[in-house]
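Subject: Structure handover

Dear colleague,

Please find the structure below, followed by notes on what was found in it.

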Amino acid sequence: MTIPKTIAVIGAGTMGPGIAATLSRCGSNVRLNDVDGAVLERSKAATELASQVLGRLDAPEAPGGSVSFELDLEKACAGADLVIEAVPEKLALKREIFARFEQAVAADTVLATNTSGIPISDIAAELAHPERVIGMHWSNPPHLIPMIEVVPGEKTSAAVVEQLVATIKAFGFEPVVEKEVPGFVENRILYAILRECVSLVERGVVTQADMDTAVKWGIGYKLAVIGPMRLLDMAGLDIYQSVASYLNRDLCNDAEVASLVTDKTAAGKLGMKSLGGMYDYADQDDVNANRARIVAGLVAVRKTLSAL
Ligand SMILES: NC(=O)c1ccc[n+]([C@@H]2O[C@H](COP(=O)([O-])OP(=O)(O)OC[C@H]3O[C@@H](n4cnc5c(N)ncnc54)[C@H](O)[C@@H]3O)[C@@H](O)[C@H]2O)c1
């Protein structure tokens, strides 16, 4: 399977630049588009930064790739073999933009959406060719996490699923094919974990710093190597059954978001982007240092795991 030669990535915010850098490194000519000229301008540095990280990873490289920056959506899409949409998570906007894709590309061009959870069938509902619309859910940061959820909608054709799976494998990432469920698989697991973590910190069972240590070393480290289903085999299904039979009913199942979080968001404490959230950050340099440490850790772990 070859990598599509021309790919349009629509939306150059958080996700677009990393996606563009990953695909161009594999030999594609990527056209990165955004409706906002200032964002598009800023995305040049973000794309360059992501390319440098891919270099540090020694990610596979093919000649001939490039990223160009295009303010006009129709021009970005013209002649594209694959379109990847990464605009904000709003159904009306995604519907509007997919209708424009249909006018701008060939009838068989695959139209992928990076939606985090909007049903693909809803995005494709009013299109003439819903069979070529598919979820392609990259994880953030997209150039660093080599797993993509592939989510067909009700009308997506099997051939399009096959084609996207082959494309993802060709650029060295691992596709995970799923049925449409709210939040998709990765976020369902993440949010189940986060709900329990926030609840335990809120109840004062553990400090937030100790929570981070417990999850990083007690769970994350292990799961990065073996995955939950094999972990069951390693632990023994009988052991899981006996612990789960009393523990499951004690786990947090609140439908509402915990006040530990909602109080902070109401006070404008949103995390790194507002220099304070669960932790405080002295200034932007402090945030940048934290981000750099996270990237360095992800690069090191990915390199080690890829070599196994
Ligand atoms: N941020 C994440 O961690 C993450 C992870 C996985 C998936 N996603 C999904 O990816 C998508 C994009 O998320 P993001 O975090 O990059 O959003 P973002 O808000 O950072 O960037 C979206 C960009 O789309 C642009 N845009 C808006 N309307 C447009 C239009 N009509 N044409 C072209 N560009 C337009 C905006 O100007 C903005 O720069 C969302 O569906 C989101 O749910 C995000």
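The secondary structure of the chain amounts to 12 helices and 8 strands; helices (H or I, at least four residues) and strands (E, at least two) are DSSP runs, numbered from the N terminus. Please note that this is a predicted model: local features need pLDDT of at least 70, side-chain atom pairs count only at pLDDT 80 or more, and totals for chains, interfaces and linings use all residues. Residues are numbered from 1 along each chain as its sequence is written.

Overall layout

Three domains divide the chain: domain 1 (6–177), domain 2 (185–256) and domain 3 (268–308). Their bounds come from an automatic or database domain assignment. The centres of domain 2 and domain 3, taken over C-alpha atoms, are 22 Å apart.

Along the principal axes, the C-alpha atoms of the chain fill a box of roughly 55 × 45 × 40 Å.

Of the 308 residues, 28% count as buried. A residue is buried if 20 or more other C-beta atoms lie within 10 Å of its own, exposed if 12 or fewer, and partly exposed in between, with C-beta atoms placed from the backbone. As for contacts in the chain with a separation of 6 or more, 67% are between residues 24 or more positions apart. Two residues are in contact if their C-beta atoms, placed from the backbone, lie within 7 Å.

The α7/α8 pair

Helix α7 (residues 184–202) and helix α8 (residues 208–226) have axes that come within 10 Å and cross at roughly 145°. The axes are lines fitted to C-alpha atoms, for helices over the stretch in contact, and angles run from 0 to 180 degrees between N-to-C directions. The crossing of α7 with α8 is right-handed; a crossing is left-handed if the near helix is turned anticlockwise from the far one by less than a right angle, and right-handed if clockwise. On the α7 side the contact is made by C197, L200 and V201, and on the α8 side by Q208, M211 and V215. By class, this contact of α7 with α8 has 5 nonpolar, 1 polar and no charged residues. Here Ala, Val, Leu, Ile, Met, Phe, Trp, Tyr, Cys and Pro count as nonpolar, Asp, Glu, Lys and Arg as charged, and the others, Gly among them, as polar.

Two buried residues

R25 lies in helix α1 (residues 16–25) and is buried, with 23 other C-beta atoms within 10 Å. Leaving aside residues up to four places away in sequence, R25 touches S51, L54, A59, E61 and G65. R25 and L54 are 29 residues apart along the chain, and their C-alpha atoms are separated by 8.2 Å.

P152 belongs to strand β7 (residues 147–152). P152 counts as buried, having 21 C-beta neighbours inside 10 Å. Again not counting residues up to four places away in sequence, P152 touches I120, I134 and V161.

Backbone points to check

The peptide bond joining N140 and P141 is cis, with omega about 0°. P141 sits in the loop between β6 (133–138) and β7.

Two residues other than glycine have positive phi: D58, near 55°, and L275, near 60°. D58 lies in the loop between α2 (37–56) and β3 (66–70) and counts as exposed, with 10 C-beta neighbours inside 10 Å. L275 is in the loop between α11 and α12 (284–306); with 16 other C-beta atoms within 10 Å, L275 is partly exposed.

The end of the chain

Helix α11 (residues 259–266) has 8 residues and the number buried is 0, so α11 lies largely in the open. G268 follows α11 and has a positive phi, near 80°.

In helix α12 is N288, which counts as exposed with 12 C-beta neighbours inside 10 Å. N288 and M272 are 16 residues apart in sequence, and 9.0 Å separates them in space, C-alpha to C-alpha.

Regards
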